[in-house]
Amino acid sequence: MSGMTDDKYSRLVSTVLKATSKLTVENHLGCAETMCQAVLASDNNNSSALNQLGVIKYLQGKVGEADLFFENALRNDHTNIDAALNRLNLRGVLLTQSPPDNAAFAGRGTVEGAQAVLSETMFEHFDNLKNGVEIKPGIPLASSCEALTGTELFKWVEAISNGFLAENDRSLTYYKQKWVKDPFHQWSRRWEYLFVLDEFYRLNRVEGKKKLRVLDGGSGLTFFPFLIASTQKALDIECCDYDDQLLGPFGEIVSRTKTQSTLNMSVADLRDLRFPDGAFDVIYSISVIEHNKELDKIVDEFYRILKPGGELILTFDISIDGSRDIPIDAAERLLGHLRRSFKEVESGLASSSLSDFINRNESLTTDFVRQNNPELLPFSSVPNVTCYCSVFRKAS
Ligand SMILES: C[S@@+](CC[C@H](N)C(=O)[O-])C[C@H]1O[C@@H](n2cnc3c(N)ncnc32)[C@H](O)[C@@H]1O
(Lines give C-alpha, C1' and ligand atoms only; values in the text may rest on other atoms or scores of the structure.)
Protein backbone atom coordinates (compact mmCIF):
# COMPACT_ATOMS: atom_id res chain seq x y z
CA MET A 1 0.00 0.00 0.00
CA SER A 2 1.55 3.33 -1.07
CA GLY A 3 2.92 5.66 1.61
CA MET A 4 2.81 3.02 4.33
CA THR A 5 5.61 0.82 5.68
CA ASP A 6 5.15 -2.98 5.59
CA ASP A 7 5.10 -3.00 9.35
CA LYS A 8 2.36 -0.37 9.63
CA TYR A 9 0.40 -2.11 6.91
CA SER A 10 0.47 -5.50 8.64
CA ARG A 11 -0.60 -3.88 11.93
CA LEU A 12 -3.51 -2.24 10.12
CA VAL A 13 -4.52 -5.56 8.53
CA SER A 14 -4.36 -7.33 11.85
CA THR A 15 -6.59 -4.65 13.47
CA VAL A 16 -9.07 -4.89 10.60
CA LEU A 17 -9.18 -8.68 10.89
CA LYS A 18 -9.72 -8.51 14.65
CA ALA A 19 -12.65 -6.16 14.09
CA THR A 20 -13.94 -8.49 11.37
CA SER A 21 -13.84 -11.42 13.74
CA LYS A 22 -15.82 -9.44 16.35
CA LEU A 23 -18.40 -8.43 13.72
CA THR A 24 -18.71 -12.10 12.69
CA VAL A 25 -19.36 -13.25 16.24
CA GLU A 26 -21.96 -10.46 16.60
CA ASN A 27 -23.58 -11.69 13.38
CA HIS A 28 -22.93 -8.57 11.27
CA LEU A 29 -21.92 -10.90 8.47
CA GLY A 30 -22.32 -8.53 5.48
CA CYS A 31 -20.10 -5.91 7.05
CA ALA A 32 -17.52 -8.50 8.13
CA GLU A 33 -17.45 -9.93 4.60
CA THR A 34 -16.84 -6.51 3.02
CA MET A 35 -13.90 -5.94 5.35
CA CYS A 36 -12.35 -9.34 4.59
CA GLN A 37 -12.76 -8.70 0.86
CA ALA A 38 -11.00 -5.34 1.31
CA VAL A 39 -7.99 -7.09 2.91
CA LEU A 40 -7.96 -9.70 0.14
CA ALA A 41 -8.12 -6.99 -2.53
CA SER A 42 -4.63 -5.86 -1.53
CA ASP A 43 -3.29 -9.27 -0.41
CA ASN A 44 -5.20 -12.13 -2.00
CA ASN A 45 -3.10 -14.77 -0.20
CA ASN A 46 -3.86 -13.52 3.30
CA SER A 47 -4.55 -16.78 5.12
CA SER A 48 -6.31 -15.18 8.12
CA ALA A 49 -8.71 -13.23 5.88
CA LEU A 50 -9.43 -16.38 3.83
CA ASN A 51 -10.13 -18.30 7.03
CA GLN A 52 -12.42 -15.54 8.33
CA LEU A 53 -14.33 -15.50 5.04
CA GLY A 54 -14.74 -19.27 5.40
CA VAL A 55 -16.36 -18.75 8.79
CA ILE A 56 -18.66 -16.05 7.36
CA LYS A 57 -19.68 -18.25 4.41
CA TYR A 58 -20.35 -21.12 6.79
CA LEU A 59 -22.57 -18.95 8.98
CA GLN A 60 -24.39 -17.75 5.84
CA GLY A 61 -25.15 -21.42 5.11
CA LYS A 62 -22.77 -21.53 2.09
CA VAL A 63 -20.97 -24.66 3.20
CA GLY A 64 -19.25 -25.49 -0.10
CA GLU A 65 -17.79 -21.98 -0.37
CA ALA A 66 -16.70 -22.13 3.28
CA ASP A 67 -14.86 -25.37 2.60
CA LEU A 68 -12.99 -23.80 -0.32
CA PHE A 69 -11.97 -20.77 1.74
CA PHE A 70 -10.56 -22.96 4.55
CA GLU A 71 -8.72 -25.05 1.97
CA ASN A 72 -7.27 -21.91 0.38
CA ALA A 73 -6.29 -20.47 3.76
CA LEU A 74 -4.35 -23.65 4.51
CA ARG A 75 -2.78 -23.74 1.06
CA ASN A 76 -1.34 -20.29 1.69
CA ASP A 77 -0.27 -21.06 5.26
CA HIS A 78 -0.40 -24.67 6.36
CA THR A 79 0.41 -23.60 9.93
CA ASN A 80 -2.85 -21.62 10.22
CA ILE A 81 -4.32 -23.58 13.14
CA ASP A 82 -7.68 -21.76 13.02
CA ALA A 83 -8.15 -22.71 9.38
CA ALA A 84 -7.12 -26.32 10.07
CA LEU A 85 -9.53 -26.42 12.99
CA ASN A 86 -12.39 -24.87 11.05
CA ARG A 87 -11.84 -27.24 8.18
CA LEU A 88 -11.89 -30.21 10.55
CA ASN A 89 -15.05 -28.94 12.19
CA LEU A 90 -16.72 -28.43 8.84
CA ARG A 91 -15.89 -31.95 7.69
CA GLY A 92 -17.27 -33.23 11.00
CA VAL A 93 -20.52 -31.31 10.53
CA LEU A 94 -20.87 -32.46 6.92
CA LEU A 95 -20.23 -36.08 7.64
CA THR A 96 -21.91 -36.62 10.95
CA GLN A 97 -24.74 -34.23 10.06
CA SER A 98 -24.46 -33.05 13.63
CA PRO A 99 -25.74 -29.57 14.38
CA PRO A 100 -23.04 -26.96 13.80
CA ASP A 101 -21.18 -25.66 16.79
CA ASN A 102 -20.75 -22.00 15.96
CA ALA A 103 -18.46 -21.42 18.92
CA ALA A 104 -15.99 -23.92 17.45
CA PHE A 105 -16.09 -22.01 14.16
CA ALA A 106 -15.09 -18.85 15.93
CA GLY A 107 -11.81 -20.67 16.61
CA ARG A 108 -12.43 -21.58 20.22
CA GLY A 109 -12.18 -25.35 19.87
CA THR A 110 -8.96 -27.31 19.79
CA VAL A 111 -7.42 -29.14 16.89
CA GLU A 112 -7.20 -32.41 18.75
CA GLY A 113 -10.82 -32.08 19.92
CA ALA A 114 -11.98 -31.66 16.35
CA GLN A 115 -9.66 -34.45 15.19
CA ALA A 116 -11.02 -36.75 17.85
CA VAL A 117 -14.63 -36.17 16.75
CA LEU A 118 -13.66 -36.75 13.14
CA SER A 119 -11.60 -39.86 13.56
CA GLU A 120 -13.83 -41.53 16.15
CA THR A 121 -16.70 -41.48 13.69
CA MET A 122 -14.63 -42.25 10.60
CA PHE A 123 -15.39 -45.96 10.40
CA GLU A 124 -19.15 -45.37 10.81
CA HIS A 125 -19.10 -43.39 7.57
CA PHE A 126 -16.30 -45.20 5.78
CA ASP A 127 -18.21 -46.72 2.84
CA ASN A 128 -19.94 -43.41 2.08
CA LEU A 129 -16.67 -41.57 2.42
CA LYS A 130 -15.11 -43.63 -0.37
CA ASN A 131 -17.74 -42.41 -2.85
CA GLY A 132 -17.63 -45.76 -4.68
CA VAL A 133 -13.87 -45.68 -5.36
CA GLU A 134 -12.17 -49.04 -4.72
CA ILE A 135 -8.69 -49.05 -3.18
CA LYS A 136 -7.43 -52.28 -4.74
CA PRO A 137 -4.20 -54.08 -3.85
CA GLY A 138 -1.30 -54.31 -6.31
CA ILE A 139 0.06 -51.41 -8.35
CA PRO A 140 -2.39 -48.49 -8.18
CA LEU A 141 -3.81 -47.21 -11.44
CA ALA A 142 -3.23 -43.50 -12.04
CA SER A 143 -6.95 -43.05 -12.79
CA SER A 144 -7.97 -44.71 -9.48
CA CYS A 145 -5.59 -42.49 -7.53
CA GLU A 146 -7.01 -39.41 -9.25
CA ALA A 147 -10.56 -40.57 -8.43
CA LEU A 148 -9.58 -41.20 -4.81
CA THR A 149 -8.36 -37.63 -4.38
CA GLY A 150 -11.91 -36.41 -5.13
CA THR A 151 -13.53 -38.48 -2.35
CA GLU A 152 -14.74 -37.33 1.05
CA LEU A 153 -12.34 -39.89 2.58
CA PHE A 154 -9.38 -38.17 0.96
CA LYS A 155 -10.54 -34.74 2.13
CA TRP A 156 -11.15 -36.04 5.63
CA VAL A 157 -7.71 -37.61 5.98
CA GLU A 158 -6.16 -34.54 4.34
CA ALA A 159 -7.85 -32.33 6.95
CA ILE A 160 -6.49 -34.52 9.75
CA SER A 161 -2.99 -34.53 8.27
CA ASN A 162 -3.07 -30.72 7.81
CA GLY A 163 -4.24 -30.30 11.41
CA PHE A 164 -1.44 -32.59 12.62
CA LEU A 165 1.19 -30.57 10.72
CA ALA A 166 -0.14 -27.25 12.00
CA GLU A 167 -0.40 -28.42 15.61
CA ASN A 168 2.98 -30.16 15.78
CA ASP A 169 5.09 -27.88 13.61
CA ARG A 170 7.99 -27.58 16.06
CA SER A 171 8.16 -31.24 17.02
CA LEU A 172 8.34 -32.12 13.32
CA THR A 173 11.34 -29.88 12.50
CA TYR A 174 13.93 -32.68 12.41
CA TYR A 175 11.73 -35.14 10.48
CA LYS A 176 10.69 -32.53 7.92
CA GLN A 177 14.32 -31.67 7.19
CA LYS A 178 15.38 -35.30 6.91
CA TRP A 179 12.42 -36.59 4.88
CA VAL A 180 9.50 -34.52 3.60
CA LYS A 181 7.49 -31.60 5.00
CA ASP A 182 4.10 -33.03 4.21
CA PRO A 183 4.08 -36.83 3.85
CA PHE A 184 0.38 -37.03 2.92
CA HIS A 185 0.92 -34.79 -0.11
CA GLN A 186 3.50 -37.07 -1.70
CA TRP A 187 2.86 -38.59 -5.10
CA SER A 188 2.07 -42.16 -3.96
CA ARG A 189 1.68 -41.78 -0.21
CA ARG A 190 -1.86 -40.37 -0.64
CA TRP A 191 -2.84 -43.78 -2.04
CA GLU A 192 -0.69 -45.85 0.35
CA TYR A 193 -2.09 -44.32 3.57
CA LEU A 194 -5.67 -44.80 2.36
CA PHE A 195 -4.88 -48.36 1.27
CA VAL A 196 -3.68 -49.20 4.79
CA LEU A 197 -6.62 -47.34 6.37
CA ASP A 198 -9.04 -49.31 4.18
CA GLU A 199 -7.55 -52.56 5.50
CA PHE A 200 -7.95 -51.30 9.09
CA TYR A 201 -11.60 -50.61 8.29
CA ARG A 202 -11.99 -54.23 7.12
CA LEU A 203 -10.20 -55.48 10.25
CA ASN A 204 -12.46 -53.31 12.41
CA ARG A 205 -15.55 -54.97 10.91
CA VAL A 206 -14.12 -58.49 11.19
CA GLU A 207 -12.38 -58.25 14.54
CA GLY A 208 -14.82 -55.86 16.23
CA LYS A 209 -13.66 -54.89 19.67
CA LYS A 210 -10.91 -57.52 19.93
CA LYS A 211 -7.69 -56.06 21.31
CA LEU A 212 -5.10 -55.98 18.53
CA ARG A 213 -1.39 -55.38 18.91
CA VAL A 214 -0.12 -53.46 15.89
CA LEU A 215 3.39 -52.63 14.64
CA ASP A 216 4.12 -49.63 12.42
CA GLY A 217 7.42 -50.79 10.92
CA GLY A 218 9.63 -47.81 9.97
CA SER A 219 7.03 -45.34 11.21
CA GLY A 220 9.04 -42.15 10.76
CA LEU A 221 7.04 -39.36 12.38
CA THR A 222 3.74 -38.79 10.61
CA PHE A 223 0.05 -38.25 11.37
CA PHE A 224 -0.78 -41.79 10.29
CA PRO A 225 -0.35 -43.90 13.48
CA PHE A 226 -2.11 -41.08 15.37
CA LEU A 227 -5.01 -41.32 12.95
CA ILE A 228 -5.18 -45.10 13.36
CA ALA A 229 -5.02 -44.75 17.16
CA SER A 230 -7.89 -42.25 17.04
CA THR A 231 -10.22 -44.39 14.94
CA GLN A 232 -10.34 -47.49 17.16
CA LYS A 233 -10.40 -48.11 20.90
CA ALA A 234 -8.84 -51.52 21.13
CA LEU A 235 -5.46 -51.09 19.50
CA ASP A 236 -2.06 -51.19 21.11
CA ILE A 237 0.20 -49.55 18.52
CA GLU A 238 3.97 -49.85 18.59
CA CYS A 239 5.80 -47.54 16.18
CA CYS A 240 9.40 -48.46 15.44
CA ASP A 241 12.18 -46.83 13.50
CA TYR A 242 15.96 -47.17 13.58
CA ASP A 243 16.32 -43.39 13.83
CA ASP A 244 16.60 -42.71 17.59
CA GLN A 245 16.20 -38.94 17.08
CA LEU A 246 12.49 -39.46 16.51
CA LEU A 247 11.79 -40.68 20.05
CA GLY A 248 11.80 -37.21 21.73
CA PRO A 249 9.49 -35.48 19.22
CA PHE A 250 7.23 -38.57 19.12
CA GLY A 251 6.82 -38.35 22.91
CA GLU A 252 5.97 -34.63 22.65
CA ILE A 253 3.25 -35.31 20.09
CA VAL A 254 1.81 -38.24 22.08
CA SER A 255 1.57 -36.06 25.18
CA ARG A 256 -0.50 -33.43 23.38
CA THR A 257 -2.71 -35.72 21.27
CA LYS A 258 -5.89 -37.37 22.47
CA THR A 259 -6.29 -40.86 21.01
CA GLN A 260 -8.59 -43.77 21.81
CA SER A 261 -5.86 -46.42 21.55
CA THR A 262 -2.37 -46.49 23.03
CA LEU A 263 0.73 -45.45 21.09
CA ASN A 264 4.35 -46.18 21.89
CA MET A 265 7.61 -45.83 19.99
CA SER A 266 10.78 -47.86 20.15
CA VAL A 267 14.08 -47.79 18.31
CA ALA A 268 14.38 -50.96 16.26
CA ASP A 269 15.88 -52.14 12.97
CA LEU A 270 13.47 -54.09 10.77
CA ARG A 271 16.29 -56.47 9.81
CA ASP A 272 16.75 -57.56 13.41
CA LEU A 273 13.64 -56.85 15.46
CA ARG A 274 13.89 -57.44 19.19
CA PHE A 275 10.23 -58.37 19.61
CA PRO A 276 9.37 -61.96 20.63
CA ASP A 277 7.90 -64.49 18.17
CA GLY A 278 4.17 -63.97 17.53
CA ALA A 279 4.07 -60.57 19.29
CA PHE A 280 1.77 -58.78 16.81
CA ASP A 281 -1.66 -59.29 15.23
CA VAL A 282 -1.03 -56.74 12.48
CA ILE A 283 2.11 -55.19 11.00
CA TYR A 284 1.96 -52.33 8.55
CA SER A 285 4.97 -50.78 6.85
CA ILE A 286 4.56 -47.87 4.45
CA SER A 287 7.28 -46.90 1.99
CA VAL A 288 10.14 -48.21 4.13
CA ILE A 289 11.64 -51.45 2.86
CA GLU A 290 12.88 -49.89 -0.40
CA HIS A 291 15.45 -48.05 1.74
CA ASN A 292 17.08 -51.40 2.58
CA LYS A 293 19.11 -54.05 0.77
CA GLU A 294 18.34 -57.11 2.92
CA LEU A 295 14.69 -57.48 1.95
CA ASP A 296 14.38 -61.21 2.70
CA LYS A 297 15.66 -60.62 6.23
CA ILE A 298 12.94 -58.03 6.82
CA VAL A 299 10.22 -60.32 5.44
CA ASP A 300 11.46 -63.17 7.68
CA GLU A 301 11.42 -60.88 10.74
CA PHE A 302 7.89 -59.72 9.93
CA TYR A 303 6.83 -63.37 9.59
CA ARG A 304 8.47 -64.36 12.88
CA ILE A 305 6.90 -61.61 15.01
CA LEU A 306 3.39 -62.03 13.56
CA LYS A 307 0.91 -64.30 15.34
CA PRO A 308 -0.48 -67.24 13.35
CA GLY A 309 -3.42 -65.78 11.36
CA GLY A 310 -1.88 -62.29 11.66
CA GLU A 311 -1.39 -59.99 8.71
CA LEU A 312 1.21 -57.80 7.09
CA ILE A 313 0.08 -54.70 5.19
CA LEU A 314 3.01 -53.67 3.03
CA THR A 315 3.73 -50.87 0.56
CA PHE A 316 6.99 -50.26 -1.29
CA ASP A 317 8.40 -48.39 -4.29
CA ILE A 318 9.41 -50.12 -7.52
CA SER A 319 12.01 -48.45 -9.73
CA ILE A 320 10.91 -48.78 -13.36
CA ASP A 321 14.26 -47.97 -14.96
CA GLY A 322 16.19 -49.86 -12.25
CA SER A 323 18.20 -46.77 -11.28
CA ARG A 324 17.11 -46.89 -7.65
CA ASP A 325 15.47 -49.33 -5.23
CA ILE A 326 13.61 -51.61 -5.75
CA PRO A 327 14.32 -52.57 -9.42
CA ILE A 328 11.58 -54.65 -11.09
CA ASP A 329 13.49 -57.97 -11.04
CA ALA A 330 14.34 -57.58 -7.32
CA ALA A 331 10.70 -56.67 -6.64
CA GLU A 332 9.61 -59.89 -8.43
CA ARG A 333 11.99 -61.88 -6.20
CA LEU A 334 10.70 -60.06 -3.10
CA LEU A 335 7.09 -60.89 -4.04
CA GLY A 336 8.11 -64.52 -4.62
CA HIS A 337 9.57 -64.68 -1.11
CA LEU A 338 6.52 -62.98 0.41
CA ARG A 339 4.12 -65.33 -1.43
CA ARG A 340 6.05 -68.43 -0.31
CA SER A 341 5.87 -67.28 3.34
CA PHE A 342 2.36 -65.77 3.41
CA LYS A 343 -0.89 -65.94 1.49
CA GLU A 344 -1.35 -62.70 -0.47
CA VAL A 345 -4.83 -61.24 -0.91
CA GLU A 346 -5.97 -61.14 -4.54
CA SER A 347 -3.89 -58.38 -6.10
CA GLY A 348 -4.82 -59.18 -9.70
CA LEU A 349 -1.11 -59.35 -10.44
CA ALA A 350 -0.14 -62.80 -9.23
CA SER A 351 -0.30 -64.24 -12.76
CA SER A 352 1.07 -61.34 -14.82
CA SER A 353 4.62 -60.12 -14.37
CA LEU A 354 5.22 -56.71 -12.83
CA SER A 355 6.89 -55.38 -15.99
CA ASP A 356 3.91 -56.48 -18.18
CA PHE A 357 1.57 -54.64 -15.84
CA ILE A 358 3.71 -51.52 -15.60
CA ASN A 359 4.23 -51.44 -19.37
CA ARG A 360 0.49 -51.17 -19.92
CA ASN A 361 1.19 -47.63 -18.89
CA GLU A 362 -1.82 -47.09 -16.69
CA SER A 363 0.06 -47.27 -13.39
CA LEU A 364 0.52 -44.45 -10.95
CA THR A 365 4.14 -43.44 -11.60
CA THR A 366 6.33 -40.46 -10.82
CA ASP A 367 6.39 -39.73 -14.59
CA PHE A 368 2.59 -39.47 -14.56
CA VAL A 369 2.67 -37.23 -11.47
CA ARG A 370 5.44 -35.08 -12.98
CA GLN A 371 3.06 -34.20 -15.82
CA ASN A 372 -0.03 -33.68 -13.67
CA ASN A 373 0.95 -32.63 -10.12
CA PRO A 374 4.74 -31.98 -10.05
CA GLU A 375 4.41 -30.36 -6.60
CA LEU A 376 3.77 -33.86 -5.17
CA LEU A 377 7.30 -35.10 -6.03
CA PRO A 378 10.06 -34.88 -3.40
CA PHE A 379 12.34 -33.33 -6.07
CA SER A 380 11.75 -32.65 -9.75
CA SER A 381 14.33 -35.05 -11.22
CA VAL A 382 13.13 -38.12 -9.30
CA PRO A 383 13.50 -41.18 -11.61
CA ASN A 384 10.48 -43.08 -12.85
CA VAL A 385 9.03 -45.08 -9.92
CA THR A 386 5.74 -46.81 -9.14
CA CYS A 387 4.56 -48.49 -5.95
CA TYR A 388 3.05 -51.77 -4.77
CA CYS A 389 0.53 -52.17 -1.93
CA SER A 390 -0.77 -55.47 -0.63
CA VAL A 391 -1.88 -57.59 2.33
CA PHE A 392 -0.13 -60.87 3.26
CA ARG A 393 -1.64 -63.31 5.78
CA LYS A 394 0.28 -65.78 7.93
CA ALA A 395 -1.36 -69.21 8.09
CA SER A 396 -3.38 -69.84 11.29
C1 LIG B 1 10.22 -42.70 3.71
S2 LIG B 1 10.12 -42.79 5.44
C3 LIG B 1 8.50 -43.45 5.63
C4 LIG B 1 7.95 -43.20 7.00
C5 LIG B 1 6.52 -43.63 7.24
N6 LIG B 1 6.38 -45.08 7.18
C7 LIG B 1 5.52 -42.99 6.35
O8 LIG B 1 4.55 -43.62 6.05
O9 LIG B 1 5.65 -41.86 5.90
C10 LIG B 1 11.14 -44.20 5.80
C11 LIG B 1 11.33 -44.41 7.30
O12 LIG B 1 11.78 -45.76 7.48
C13 LIG B 1 12.85 -45.79 8.40
N14 LIG B 1 13.62 -47.01 8.09
C15 LIG B 1 14.22 -47.34 6.91
N16 LIG B 1 14.80 -48.55 7.02
C17 LIG B 1 14.59 -48.99 8.28
C18 LIG B 1 14.96 -50.17 8.99
N19 LIG B 1 15.70 -51.13 8.43
N20 LIG B 1 14.57 -50.29 10.27
C21 LIG B 1 13.83 -49.32 10.87
N22 LIG B 1 13.47 -48.19 10.25
C23 LIG B 1 13.83 -48.01 8.96
C24 LIG B 1 13.57 -44.47 8.18
O25 LIG B 1 14.34 -44.09 9.31
C26 LIG B 1 12.39 -43.52 7.92
O27 LIG B 1 11.91 -42.94 9.10
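In this predicted model, the domain assignment divides the chain into domain 1, covering residues 7-109, and domain 2, covering residues 142-393. The centres of the two domains, taken over C-alpha atoms, are separated by 34 Å. Where the domains touch, domain 1 contributes 11 residues and domain 2 contributes 10 residues. On the side of domain 1 that touches domain 2, helix H5, formed by residues 81-96, gives the most, with seven residues. By class, this side of domain 1 consists of six nonpolar, three polar and two charged residues.

The surroundings of the ligand may be considered next. There are 18 residues around the ligand, and those that come nearest are Gly218, Gly220, Tyr242, Leu270 and Ile286. The shell around the ligand contains seven nonpolar, seven polar and four charged residues.

Helix H15 (residues 295-305) packs with helix H16 (residues 328-341) at an angle of about 20°, and their axes are 10 Å apart. Because angles under 35 degrees count as roughly parallel, H15 is roughly parallel to H16. The crossing of these two helices, H15 and H16, is right-handed. Sorted by class, the residues of the contact of H15 with H16 comprise five nonpolar, two polar and one charged.

How values were computed. Residues numbered from 1 in each chain as written. Predicted model: local features only at pLDDT ≥ 70, side-chain atom pairs only at ≥ 80, totals over all residues. Domains from an automatic or database assignment. Contact = placed C-beta atoms within 7 Å. Helix = DSSP H or I, 4+ residues; strand = E, 2+ residues; numbered from the N terminus. Nonpolar A, V, L, I, M, F, W, Y, C, P; charged D, E, K, R; others polar. Near = placed C-beta within 6 Å. Axes fitted to C-alpha atoms, helices over the stretch in contact; angles between N-to-C directions. Parallel < 35°, antiparallel > 145°, perpendicular 65-115°, else oblique. Left-handed = near helix turned anticlockwise from the far one by under 90°.
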